[in-house]
Every structure is written in structure tokens, then in C-alpha cells.
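Hello,

Here is the structure I promised to pass on to you. Could you open it alongside this note and have a look while you read?

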Amino acid sequence: MITVTDLRKVYQQGKKEVVALDGVTLSVPKGSIHGIIGHSGAGKSTLVRCLTLLDRPTSGSVSIDGTELSSVKDSEIRAARRRIGMVFQHANLMDSRTAAGNVAHPLELVKTPKDKIRTRVAELLKLVGLEGFENAYPSQLSGGQRQRVGIARALASDPDVLLCDEPTSALDPATTDEILDLIQDLTKRLQLTVLIITHEMNVVKRVCESVSLLSRGRIVEHGALRDVAADLDSKLARALLPLPSSEPLPGALQRGPVLEILFSGASAKEPVLTGVARHFDIDINVLAGSVETLGGEQFGHLRVQLAENADVDAVLAYLHERGIAAKPAASAAAPVPVAAGSPLPASVLASGEQGGNS
Amino acid sequence: MNDIFSNPVLAKALPEAIIETLQMVGISSFFTVLIGLPLGVFLHVSAPGGLRPMPVTNRILSDVIVNITRSIPFAILMVALIPLARALTGTSLGPVAASVSLSIGTIPFFARLVENCLRDVHHGKIDAAQVMGSTKMQVINKVMLRESLPALVAAATTTVVTLVGYSAMAGLVGGGGLGKLAYNYGFQRFDVTVMLVTIVLIIVLVQVIQLVGERISRGLDHR
């Protein structure tokens, strides 16, 4: 279990103070995967550096299973770090060491006996599916294999927490899925607490049980994946269940009120739309939709247009009665700039340039 | 061809000159690496944003090094250092004495090269090492030096080649060796054969150093 309380980091830039983290609070229970999503400039990198104590936080605390990390003395910092395994975007392996040598690296630092290192390294490489690659140098491995070595190395010192900084941002989609599956599998098997920092919504969709949205050094939304996805007003829901832009509406369509509807859980399985159509005897036109399975539950996000004469309030009441989130679409003309499969849409985050974290 | 073997100067003075040159290059290479390597590491580590920043010391050291390598021509530095050579070795003549000024001339040069090699080690690797709980010394030994080893060998090769050139200059002010031979016989006595043989020998020496250096460097490189 990792707990971060009111973490602040202020950098001094000449005479100006730059607030990189402005009171970040989060906690991740043991055995679960938490995603932190945000654009570059949101404070992700700073958060990582504070969690690993590469940078000392200005104030606030980081603790693992109740052991405080942020206030340890410099001499204890190394022992504290060994409780955190870290996976980097570009694996950051040593080019001069073989796969086995890289995994052995953290063990050598604490003078582990040679034969013990050998058995542990073989065990770890097997765990990440790299048996037989002991003597390969990083340059001879693919990006996905390098990341597997990185994960094995991160696990070498038996950490409680696995911190993944953009673990898949440099990988292709198929390899991304493999690595995420591996992380998920290891989390369950080793009862790790995993924190994944990313700008890719797909990573969150695939493995995270809970998620935080980091923007300008603050966590603006957080919660279990199914809760944030079920909230029609949350920015994360819009990113998790993106709808294509509604603009321009096909000209031939009738004029009528446009609604946004979000089904979740059980309600996603019921034929609610036809129910509305029958109950109010109106036509309904689906303009856009997105259906996903998130955290083991089915979610559907629809934009529908009702017949011109429809009683919008009555329809909304009918839907709410059945536990379905619905609201009039902000404005049919307002663009909802989201493309399915893309990273986090720019609109989700108040500002900050688009692009990867490095 | 006959000229070469019958030339009395070559027969008598050449073997000695070769040995002297190798002595100068060997001794000064040894001390250059011995002192220049830690100096280069210190320059890198103490730089602002480094592993152990010491801005003032770093600044002063950098300035001293720039002045030795850039401002003072080697020929002048060498003459100026003759008293120091005498104090350290008891004589101002011969290859051992010349090695003092040769070393002092190339230590800053090599230290700078080392610093550049270390700077090229990707910062992510150092972060990774620190996160896994390395001490600063472990970061330096197991990451910085080990990861830049191929580049360090290449830098050492360049330095040794530079030393061959400097040793010829040192020969003129009492160091002996091939430089002195070429100057005394080739230049002052217009002995073209001596001049040519010296040139060829120096070219061969440089080529061998270059070749060996490249081989080692490539053998160590797994990128």
C-alpha cells in the first residue's frame, strides 16, 4: 500500500517559484494498479521523482505500508528506495551488461553472494518470460524484451511498490498489450502495489482499477475506474468513453434535442433506448456512441437525438429513474474533440502541450 | 634502401631514440590516465546538476584546465615546466624529465575528454541506478565509467597519439627520442634519410596505437 499525502514540490527558477506539485494526495491499496494520467507539464515527471526520492518533496509525505519515505535521512535513502521498483519508459538498461547482468545489478549493490544472484536472476527472467536470453545484450533485444528485462530488474530487490513511468509509451500497440498483461499478472502473483504514470488512456482502460487525473500539479479527478467512467460530468469519463465530434450534424436530420446518455453496469445490458421510444412514442436517432468494458463492467456512452416534439425533461426523468446518467448535450455545435484510440484528448486537460512524456 | 642500413646515425642512434620516445609516451600516458581520469570524473560529478555539485570548485578547476590546454602553447608550457621537472626527477634532461611536462600538458586535455564521455552517458541510466539504491561511488563505477568505457578507450587513444606528437617537441628541449634525432640530423645536418626514417617510424607508431585502441574500444562496445 502506498499513500501520498498533500505532496508539494516547488522549484526555484531564478527568483520565480514554479509549483510543480500542488498538494497531491492519493493512496493505492496493496495488490491493485492505479493509473495517473496527465499531459506533459502536468507534473507527472516531478511526481515520479518525488516518489523515488530523486527529488525531495517541498512538503507532504510519501509512505509505503506505513513507513515514511519522504523524511528519511540521506543515509537511509538507499534502503528506502529499494522498497520501490521502477520501470522506465525506455527501460534504461545498461548497454554494457547482458540481460542477466542488468537484472543482477540491484543485487550486486548489496553484495548478494554470487550463486544466490545467479538463481534469483534465472528466476526473475523466467518470471518475465525471457528464459534463454540471459546472455543477450540490450542492443540484441526488441523494445518489448528490453522492457521485460527492465521489469525483472525492478523486481530484483523484492519491492513492495512497482512504479511505472510511461512503461509502454515507446512500444507498439501489440507489445504494449503484452507488457500491460505482464504487469497485471505480476501484480496479482506478487501482491504488488502498482502505480502507472502515463498519458495513454488505453493503458488505464486495460489494466488500472483506479485512476487519477493530474493537471497542473493537482489531482483534479480520481476514483475507481468504474466510478469515474459512470460519471457523465467527469473529464475522465469523456476520455474513457470518447465520442466523435458532433459537428457538423448531417444536414438531412430532423431538428430536435440532443442528449448524452451513459449506461453502466447492469443498465448497459437493458434495451433502454427502445424503452424510451415506446414509452414516449417518439423516434430516437443515435448520433454517436462508444462502448467499452472498463474494470470488468460494460459501459456505453451515446449521443442521441430525440424527435422535435419530445418532452426532454420527461425523458431525462425516465432515464434517471432507471439509473442511467443522461443530460442534454452541452451544445450540438460544441465540438467534442476526441478520437477513439488516441491518447488523452487535449480538452480533458485544461492546458499543457500535447505529446509524450520523456 | 642501402642508404638506410649503411647510415651510421641510424645504426647508432636510432634504437636509442626509439626507446626514448616509447619511454616518454609510455610514462606520460600512464600518469595522464592515472590523474586525468579521476580529474575528469570529478569535473563531471561536481558540475552544476551533477551527482555531487560543487559549483565553485568546479568553476575554478575548469578555468585552470582551459588555460593550460587552450591559452598556453605546449612548447612554452614545456619550457616553463623544466624547473618542476628538475625538482621532481632531479634532472631536466632525458625522457623521464620530459614526461613531467608531457603529463601536465595532456592531463587537462584527457580530463576534458573523460568529462565529455561521462556526459554522454544517458541520464536515465543514472536515475535507474540511483532508484535501485546505488551509492554515489557505485553510480560512478558501475554506471558512468562502465557505460562509457568504449568512449573512454577511444579518448585515451586520442590522448596517446597526441602524446606522440608532443614527445617530438619535448625531444627538442632535452627529452631525446625521435624528435631530437630528426632535429639534430635531419634538420641541422640535412640528412634526408634520417628525416624520412623518423617520419615513417612515427607514422607507424601512431597507426599501431590507433589500431589497437580502436580494436579494444570496439570489443567493449555492446550498443
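First, the conventions. This is a predicted model, in which local features need pLDDT of at least 70 and side-chain atom pairs count only at pLDDT 80 or more, while totals for chains, interfaces and linings use all residues. Residues are numbered from 1 along each chain as its sequence is written, and chains are lettered from A and ligands numbered from 1 in the order in which they are written.

On confidence, the model scores ipTM 0.85 and pTM 0.83. Within chain B, helix 1 (residues 2-6) has the lowest confidence, at a mean of 69, and helix 8 the highest, at 95.

Chain B is made of eleven helices and zero strands; these are DSSP runs numbered from the N terminus, helices being H or I with at least four residues and strands E with at least two. Its C-alpha atoms fill a box of roughly 70 × 40 × 25 Å along the principal axes. Of its 223 residues, 39% count as buried (20 or more other C-beta atoms within 10 Å of the residue's own, with C-beta atoms placed from the backbone).

One helix pair in chain B may interest you. Helix 7 (residues 123-131) and helix 8 (residues 136-147) of chain B pack at an angle of about 155°, with their axes 10 Å apart. Axes here are lines fitted to C-alpha atoms over the stretch in contact, and angles run from 0 to 180 degrees between N-to-C directions. The two helices of chain B are therefore roughly antiparallel (an angle over 145 degrees). From helix 7 of chain B, B:Lys125, B:Ile126, B:Ala129 and B:Gln130 meet B:Val139, B:Lys142, B:Val143 and B:Glu147 in helix 8 of chain B; residues are in contact if their C-beta atoms, placed from the backbone, lie within 7 Å. These residues divide into four nonpolar, one polar and three charged (Ala, Val, Leu, Ile, Met, Phe, Trp, Tyr, Cys and Pro are nonpolar, Asp, Glu, Lys and Arg charged, and the others, Gly among them, polar).

Finally, the contact between the chains takes 19 residues from chain A and 17 residues from chain B. On the side of chain A that touches chain B, helix 3 of chain A gives the most, with three residues. That side divides into eight nonpolar, seven polar and four charged residues.

Best wishes

How values were computed: Parallel < 35°, antiparallel > 145°, perpendicular 65-115°, else oblique. Contact = placed C-beta atoms within 7 Å. pLDDT = per-residue confidence, 0-100. Buried ≥ 20, exposed ≤ 12 C-beta atoms within 10 Å, placed from the backbone.
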